[in-house]
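Load the model in your viewer and keep the selection panel open. The stops below go from one selection to the next.

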Amino acid sequence: MKIEPLPGQTRRVALTPAACSVDLGDGSERSEYVGQDYILSVLGRPHRNINLMFCYYPLNKGWPKRVSTVFKNKGGFIWGYPYDDYFPYPGGLDGDRDGDAFQQMRDVRRHGQDVTLTLTVDCAISDDHITAIARDLRPFGRMRLRLNHECDGTWFAFNRRYTYEEVGRFFVRFARIVKKEAPHVRMTSCWGSVPDYKTRSLLHEKELAPTLAAADVWSTDKYLSLHFGWPFQPCEPEDLNKTYTAITDREMWFLLETCHQRFTEITGMDKGLEVCEFNCDGTVGGLENQAKRMESFYRQILKRKAAYLKGITFYQFRDRARLGLEREDPNDIRVGRPTPFLPIYKELIRQPYFTPGEQWSRLDGALKLEWRASDDSDGLGWNLPLKSKPVFLELLFGKNDNLMIHAGDDWFYKKPGVEWVDVTPAARKWGRSKSFPVSVFAPPADGMNPGNCSFFRTNLTKPPRMRLLYEWGNSK
């Protein structure tokens, strides 16, 4: 077997943010977490952020168990419990930093993505609890903390217990402590409901306005349709606004534009806007309708190129009902069944407007790599001239390297202990009209930055080599 160095010059490659970044939800009250190896193999590229959802109600009876395993549901809706039915956040004061939330955050980051931690929290907790959570998050770099999202609503436990003014003040207090203890964490304020299509004001904007100044990221959650009665109430056509909601694309754009406009008017600042949960529920109108409407809206984003819209999160990868790219198999929760939108989404997220850029430049010095964020890191690159579609193109790396590899249009992950990465499908798909680009980046293997710093820096243990074969020979 012939193994040779990669041809041509080694180049420096810098990742830069997409015009509109695409993020993905993974795990919630209606699904389990799905590992990033599987998601990457299905979708073929990483996302900027992966949204994980947990709750923190340590003062409650029943804590730290998941509330639906302790109490019976009251009221026949998903939030009819004493506290929110997310998986409990295992960290915080006297917490366990080896719990599921931390395992998931490490998995997300080692696969070249950043974490969005959505956390609903009891506003009565002391500063000691907040400080402990902030210190939990220090090693995870430029992650986002989406605290008490949809805080202009009525469904979460923190909204049922506290006034909107109290919820707003709690966000500001939490953000102040996070800035001191974990300055790389980006606080995300999520609200912005418009009461009707006649006025351009937001629900509870006066009480919640202080969260906007305290936040690094402004966001809102919006659905083209949503069966909010799941799983206790059926969804039938005649039940509009009783068990489900549905709006037009035009109404959706009005809601987004109004939300952003009011945020800027209230604060005198402009931090853009992100949609941290977005979907069209397949239980409302069927899965084919979901695929059609979702594709249409993503293509409208590509056409409009609204400068204020900085990112959009598809909710979510796998779902027990019809809000996922996959539907959870009720016979085996480890298995997902693809929905009609999945192959469409896979193509959409490859559009240049949704993908991070790569700036190639001359390399001076050693094979150094620096990981700061999923859209702000330095890697190495090579352009491989292909004579024809290869039978095999396999890349050989140092055994201990943890790498994200961008080969042509596809991404691959190499964990420590693995040496060979087979990029043949990407090379065959690429053809030979132009050089085949290969770039590599090195997020931390354990998903954490050393010393709680803002970056992870390493060198390739050895220059990569390849096995390139164009013909098999006399094989029949």
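Select residues 127-137, helix α3, together with residues 164-181, helix α5. The two helices pack with their axes 9 Å apart and at an angle of about 50 degrees. Helices here are DSSP runs of H or I with at least four residues, strands are runs of E with at least two, and both are numbered from the N terminus. The axes are lines fitted to C-alpha atoms, for helices over the stretch in contact, and the angles run from 0 to 180 degrees between N-to-C directions. α3 and α5 are therefore oblique to each other; angles under 35 degrees count as roughly parallel, over 145 as roughly antiparallel, 65 to 115 as roughly perpendicular and the rest as oblique. Look along the contact: the crossing of α3 and α5 is right-handed, meaning that the near helix is turned clockwise from the far one by less than a right angle.

The model is predicted: local features need pLDDT of at least 70 and side-chain atom pairs count only at pLDDT 80 or more, while totals for chains, interfaces and linings use all residues. Residues are numbered from 1 along each chain as its sequence is written, and side-chain values use heavy atoms, with hydrogens and water left out.

Next, show the largest pocket, with a volume of about 1100 Å³. Of its 41 lining residues, select E150, W155, Y223, L226 and T245, the closest to its centre. A pocket is an open set of points on a 1 Å grid over the protein atoms alone, where a 1.4 Å probe fits, with protein on both sides within 12 Å along at least five of seven lines; lining residues have an atom within 4 Å of a point. Grid points are joined across faces, edges and corners, and the volume is the space filled by probe spheres set on the points. The largest share, six residues, comes from β9. Coloured by class, the lining has 22 nonpolar, 11 polar and eight charged residues. Ala, Val, Leu, Ile, Met, Phe, Trp, Tyr, Cys and Pro count as nonpolar, Asp, Glu, Lys and Arg as charged, and the others, Gly among them, as polar.

Move to the second largest pocket, which holds about 460 Å³ of space. Its lining has 28 residues, and T355, P356, E358, H406 and W411 lie nearest its centre. The strands that each supply at least two lining residues are β3 (21-25), β16 (357-362), β20 (403-407) and β23 (436-441). β16 gives the largest share, three residues. By class this lining divides into 13 nonpolar, nine polar and six charged residues.

Now select the open sheet of four strands in the order β1-β25-β19-β22, with antiparallel pairing. Which strands stand at its edges? They are β1 (4-5) and β22 (420-422), each with a single partner strand, so one side of each is left without a neighbour in the sheet. Strands pair if DSSP finds at least two bridges between them. Two bridges join β1 to β25 (residues 465-469), and P5 has R465 as its bridge partner.

Finish at the open sheet of three strands, β13-β14-β15, with mixed pairing. β13 (318-319) and β15 (332-338) are the edge strands. β13 pairs with β14 (residues 326-329) in the parallel sense over two bridges, and R318 stands opposite E326. β14 and β15 pair in the antiparallel sense over four bridges; there E328 stands opposite G336. Two residues lie between β14 and β15 in the hairpin that they form.
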